[in-house]
Amino acid sequence: MNDEQYDQMRTGKGFIAALDQSGGSTPKALELYGVDENRYTSEQEMFDRIHEMRTRIIGSPSFTGDRILAAILFEDTMNRQVEGRDTAEYLWDVRGVVPFLKVDKGLLSEANGVQEMKPIPNLDDLLARAVQKGIFGTKMRSFIHRADDTGIGGVVDQQFELAHRILRAGFVPILEPEIDINSQEKLKAEAMLRRAIGTHLDRLAPDQHVMLKLTLPEEDDYYREFVEHPQVVRVVALSGGYSRAEANERLAGNHGVIASFSRALTEGLQIDQADEEFDSVLGTGIRSIALASAT
């Protein structure tokens, strides 16, 4: 583990850029960017277009370690290059941004009010390649629709089971059991999730450290116990479909929690913008998210 990167994640000022749209979420991200589906004819071309978008974001003068602590990458992005260098290497060596890797392979169908992760075949091989690419940590996402104790317990069990494998490989895992922001049972689901996560955190050994990526809660400082937990490197918040303004407002009420935004980060960016306008829009967004993360 890179000690400088660990210190940046533990104590740095700023937030995490989520640039890890996968095959399922990429078409929507490109559409919002102004790239309709008729502008690519295959999955390979689709990934080419999203890498061009990500390269433009990463290469912006605003995208530096001064406000961006880390970036989460999709596997395809890890395997590509930016300005002739591997993406993770470019992020850290040129931008001062810690690279993370999304390792999950998507979600199973809903059962017991949740969607657990699909099996991750060849996870050990992926982690071995991530070591070679200079990746610091990983991220994996589950999804919670309803307040079901059995379902939420299963999601958290699966997240921590995989986290232990990832820890043994030398990475810091980000666990992301997302709660649907439109769920009518969001408050109850948050209570169940907090209880389940707390039980697992208390079982970690002193040398085991994880990060948590959680939906912005209905009650300010609801996850304060995790922010202060000795085994938690950082608690980060996902925007979950909230606009940037609402996500920032909610985030500002949660002390010690920083952003890990995707759609809220890229809000307003368009492919046909001149570089000056693109950098201005991105810079404005970065500054507002960093400010909300400084609470």
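I began with the second largest pocket, which is lined by 15 residues; Leu32, Arg263, Ala264, Thr266 and Glu267 lie nearest its centre. I worked on a predicted model, in which local features need pLDDT of at least 70, side-chain atom pairs count only at pLDDT 80 or more, and totals for chains, interfaces and linings use all residues. Residues are numbered from 1 along each chain as its sequence is written, and side-chain values use heavy atoms, with hydrogens and water left out.

I noted the terms: on a 1 Å grid over the protein atoms alone, a pocket is an open set of points with protein on both sides within 12 Å along at least five of seven lines, a cavity is a set where a 1.4 Å probe fits but cannot get out, and lining residues have an atom within 4 Å of a point.

I then turned to the largest pocket, with a volume of about 690 Å³. Of its 30 lining residues, Ser25, Arg141, Glu178, Ser262 and Arg263 are the closest to its centre. Helix 2 (26-33), strand 7 (137-144) and strand 8 (172-179) each give two or more residues to that lining.

Last, I looked up cavities and found one of 30 Å³ or more. The largest cavity has a volume of about 40 Å³. Among the residues lining the largest cavity are Leu214, Tyr223 and Val257.

Conventions: Points joined across faces, edges and corners; volume = space filled by probe spheres on them. Helix = DSSP H or I, 4+ residues; strand = E, 2+ residues; numbered from the N terminus.
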